[in-house]
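Trainee: Could we go through this assembly together? I would like to begin with confidence and then turn to the interfaces.

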Amino acid sequence: MLDPHFQYVEPQSLEEAVDLLGRFGGEAVVLGGGTMMVPEMTSDARRPRVAIGIRRLDLSTISQENDEVIIGAGVSYTALIASELIARQVPLLHDMARQITGGVQIRNQGTLIGSAAFANPTSDAPTCLVALGARIRLAGPQGQRSVPAAEFFLGAFETARRPDEMLTAVSVPITKDQPVWAAYRKLKHAEGSWPIVTAACLITGRRHARVAMGAATRRPIVASGEVDGGGPETFVRLLTEQMQECWEDPLADGAYRRFAAPTLVARTIAAAMELRR
Amino acid sequence: MSNAKQRQESWIGRSVARLDAEKFVTGNIEYAADSAVEDLHHIAVLRSPHARALIRKIDLDACRAIPGVIAAVSGRDVAAITNQTPSRMPRDRFPGPIDIRCLAVDRVQFEGQGVAAVVARTSEIARRALDKIVVDYEVQTPVLSGEEALEPGAPILLPDWQSNVLMRDHFKQGDPDSAFKACAYVVSGEVVAAASTSAPIETRCYTAIWDRRASRLTINGTFQMPHPSRWSIAEALGLRESQVRVVAPHAGGAFGLKMVGHPEEVLTALLAKLTGKPVRFAESRAECFMARSREQVHRFEIGADADGRVIVYRNRFVADVGAIGAGGGWAMGLVTAAVSTTVYDIPHCEIEGTLAITNKAPWQGIRGYGKETGNLVIERAIDMLAKKMGRDPAELRRINLVSKDQLPRRIPSGMLVDSGDYHAALDRLLELFDYDGWRRRQAKSDSECRIGIGIAFELTPEGGSFAGSLPNGFETTTVRVEPSGEVIVTTSVTSPGGGIETGIAQVVADILGIAPSSIVVRQGDTDACPFGGGNASSRGMMFGGGAAALAARDVRTKLDLCAAVLLQTVPENIVWRDGCAERRDGPGAGIALREVASAIYTQGFTVASGVEMPLEATRSFRPKNVRHTPDQFGRTTSYPSFPYAVHGAAIELDTGTAQVRVLDYAAIHDCGVVVNPALVEGQFKGAIAMGIGAALWEELVYDDDGRLVTDCIKRYLLPRSRDIPALRTGSLCTPSPFHPMGMKGAGETGVGGAYAAISNAVADALRDLAPSRTMIPASPPRLARILCDA
Amino acid sequence: MTITVKVRVNGSEHQFECGSGRLLIDAIRDELGLPGARAGCRTGDCGACTVVRDGELIKSCLTFAAAVDGCEITTIEGSHSRAMEALRQAFIEHHAFQCGFCTSGMLLVAEDFLKRAPQPTPREIRDALAGNICRCTGYDNIVEAIATAARRLMDGDIK
């Protein structure tokens, strides 16, 4: 907002939005709920020329297309919690959305995709999207594409989004005939804290588990395999082996994350297994 | 309850609703940032990114050229046209020369110190203009801890000083060295407390207007102490006090943070005068986090005989008070020392506190004002002693408490503790908390999630007035009855939210026989209110209410004289009930207050001829039990009253994650006679929440260059509703023999007890892993290190 | 850049001009003259800026004024539901405020919460308040006030 020519625009169509991105590229930010981006602008940490609001782009739907659930960029956490489709087919996101920090206001305003785009390593969304094996859909002047979540999150606040692209949706693969059990857990020092370690566990077809861990590293890490073989310990080992370089912030250093991660991961897996019983 | 009975009941001790309660719940209370001012301009302050540096040059040309910018000043510009900002403590108390300015002149003392300021049409333009200011710093290596500052060879941070020692206090009682030799048990340890801050939800804000024709400045803002701030601003600007009006509307919490002495008080006033425009400084949340306190390291030893009677306590500590500001927040370090030996009967004692100047922001007043830390350390010491002896910590405390009959009693620092029944409070607490029940639950708790239990007392001296400083030990209240019978009270005390205005109305209502809700209480305007300190040291009710009682009685005497004539009796036979004067001895109708008032104003030569006008009284209250002349031990005492509390906390330590959850909390407090129990309980609970926060989560963190990294609420963790359990509280009352109404003051009690009880509970959960060096807050990373080192 | 925003506030249509970077909290307080919503942090943490937008609670420090063009906003000043009046009364009786700075936000959150959970447990009430910070009360009195209001609304004890 420090830019004297700053504009907030609400394009009426995706074409219009893409055109704006083509023109302004890295000088534009795209706002879903703005819960993380707006304070950056308020504090002058970011000084874009244009903020593009997606309110009028009709991206707030949750739908099923064949073997995927599509969640639009404008879908809030409240909408995720209320969605029967999500509760049934993507319970991990239901669990995650209920635990969003900041009260009902943030659940109403914040969006899953906005969190993914911002890519704060301690946010809930990146861990869950990687656990789900979701694909991130992007649109830009050069066309539309989708990127697997694990390849989308490149580092802290760093994604595969090009400066002239915006996220339009995520697609989550679902296993139609197989039941799924999911648990999302996070460690916070206190209610208002950023997560220090996050873990998402998905159990499908009774035996196969996919476990992602976040907030302890700069990008989520994931391990998958048979859940009943070695039990949670196997996954804990597979994940902690990937924790060479931890994410650190004023709330906790790497040593603490290394200390606490095994417990959190084990408990998350146990929670999912408990649902399965 | 019938109406007649209600009329006869005293208003003292009743939990009446807040005055203006409707306004609070409809968003209609006016705070400092709400004042709508035409042509308002905005101040932005350029703050040093370096903790220690010389300022070679500041270039404001490009900044001044920005459209919308009407003024830009550097520290040198300001120093040329102002006097020093006076220090709240007398200048001669400092071991070297001080020169306190609202902007740094030649050198930067801490990161975030203001070096220049801009005034512009909008706050966006003002912030943008800061980017155009060019400062040539010569960066120096900062001194970032008290220990470092005291090391031989450390750079001396203030020009023409001999060391970085701001102040030292050292006192003894008895013969500690010999006493230690005679002990059966001696425990030593350390307490390392991190910096923490008040963080009220409303940050600071000042709006100033210079009226050229009247040659007068009006400044509206977050002032806990309007009169001292008026004095400070007038001195700095070279104005007469009569040329300055300070107005403090409702505040959104203060907790010591909004006391006199902030550089922006003077800066805003100056910029209003310079530009001739209304100007506002609105502190950002990040700026608010600069206010720091409590960072100190204590090394203690405590010794007891074979029966567990504590014989000796020694504590040496170093407080990192940062740079010297005008507010005098550093004095809290002295209070930390003075509060020992709190509630315990310890014959031998030695306390030595050193206040060290460093390159960090100056200490700002915080709730507890140093008492919380003094209590924390002795409570840790007692717990560690209990552990070494294999004694129950509650019982060890019990046998060492000063008994009720020993009070009033002098403690080693020279303070005379007024009254208290610590044994009764402990009994009540153990029952309310269900101490035995928690110990049983603890015995059954598993090893992964361990229950920890902590007990702690706190002694919270209140009503502090330091010799030679403003505010000092008095407050003033005026009670006036208007011709219509309306009662208006103006008082020198302010209320940052605790409801003192309601308590004062109750005091006056009780004497005049009217309802508190019919009284108008005016505060916070130096043009309208009598002189006083404002809000500090929980003195609002004690002093402001004490003054209100004196003034109300004077007015009552006048009213009685006239009412007696009207009712054909003598003044001694007049009682006031429900706004009417009646004859105590007999039937017959009464006379309404408005009739008596009207008679006094209009019939001064007949029925009211005995009444000396005006129908108002202004009285100050000065406490007893303050002694600024040294006693035979050379000590002075600044605090007249001694509320106290005892707390019990049950926590759960998850050894898998090193996280702490507060399971249960109970506390008993005694602040003497209480005017409005609900308001006092509310203060107590809020203070407990702050103490829990400071013990577990709240920590200001600086990087290796002395830059604050916890400058937002996502990093400085304030307790939320899910973080704290229901707080179960109770009270008892031992009136203060030194206060005419028996009051001791409320507002800070709660912080120290929680700070200590939680810390003790965590150590209890750590069991044999609890280190002798307690680090506060007990954050998960710290606890994880302890658990790992096992 | 100056923009025009059209918005329905507390039941009335309004139109105002402001800079394109104007935050909603500032527009509500200045352009619309409604100071009951307050700015305590501008990072979406304290909740003092809470208002209702199109029936949903939001933190107005996280929203541009431009982004509510065409929306319906309700602030504390325009909130007069039966639930709100019950809450106001209960807040006064239970001393659920001290400085009052967080109170507007707390009341709006409580009103919204009781719509969805008319018979809440104390635990549920505490959960519902997790997005709003109070530095004065330690929360107990706020929780109790909301519980009292909930009971009265259920029992029909409200005029």
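This is a predicted model: local features need pLDDT of at least 70, side-chain atom pairs count only at pLDDT 80 or more; totals for chains, interfaces and linings use all residues.

Trainee: What does chain B average in pLDDT?

Mentor: The average for chain B is a pLDDT of 95, and 99% of its residues score at least 70.

Trainee: On to the interfaces. How many residues of chain B and of chain C are in contact?

Mentor: The contact involves 49 residues of chain B and 40 residues of chain C. Between them, chain B and chain C bury about 3,700 Å².

Trainee: What percentage of that buried area is on carbon and sulfur atoms?

Mentor: For chain B and chain C, 54% of the buried area lies on carbon and sulfur atoms.

Trainee: And how many salt bridges are found across the interface of chain B and chain C?

Mentor: Six salt bridges are found there. One salt bridge pairs C:D140 with B:K685, whose closest N and O atoms are 3.0 Å apart.

Trainee: Which element supplies the largest share of the side of chain B that touches chain C?

Mentor: That is α19(B), with eight residues. Both α2 (21-25) and α19 (677-696) of chain B supply at least two residues each to the side that touches chain C.

Trainee: How does that side of chain B divide by residue class?

Mentor: The side of chain B that touches chain C has 25 nonpolar, 14 polar and 10 charged residues.

Trainee: Now the other interface. How many residues do chain A and chain B put into their contact?

Mentor: Chain A gives 22 residues and chain B gives 26 residues. The area buried between chain A and chain B is about 2,200 Å², with 58% of it on carbon and sulfur atoms.

Trainee: How many salt bridges are there between chain A and chain B?

Mentor: The count is six salt bridges. In one salt bridge, the side chains of B:R127 and A:D44 meet at 3.1 Å, N to O. There are also 11 residue pairs in polar contact across the interface of chain A and chain B, both residues at pLDDT 80 or more.

Trainee: Which helix of chain A provides the largest share of the side touching chain B?

Mentor: Helix α11 (residues 254-276) of chain A does, with five residues. By class, the side of chain A that touches chain B comprises 11 nonpolar, five polar and six charged residues.

Key. Residues are numbered from 1 along each chain as its sequence is written. Chains are lettered from A and ligands numbered from 1 in the order in which they are written. Side-chain values use heavy atoms; hydrogens and water are left out. Contact means heavy atoms within 4.5 Å. Buried area is the accessible area (1.4 Å probe) that two parts lose on being put together, summed over both. A salt bridge is a side-chain nitrogen of Lys or Arg within 4 Å of a carboxyl oxygen of Asp or Glu. A polar contact is a pair of N or O atoms within 3.5 Å; within protein, one must be able to donate a hydrogen and the other to accept it, and residues adjacent in sequence count only if both atoms are side-chain atoms. Helices (H or I, at least four residues) and strands (E, at least two) are DSSP runs, numbered from the N terminus. Ala, Val, Leu, Ile, Met, Phe, Trp, Tyr, Cys and Pro count as nonpolar, Asp, Glu, Lys and Arg as charged, and the others, Gly among them, as polar. pLDDT is the predictor's confidence in each residue, from 0 to 100.
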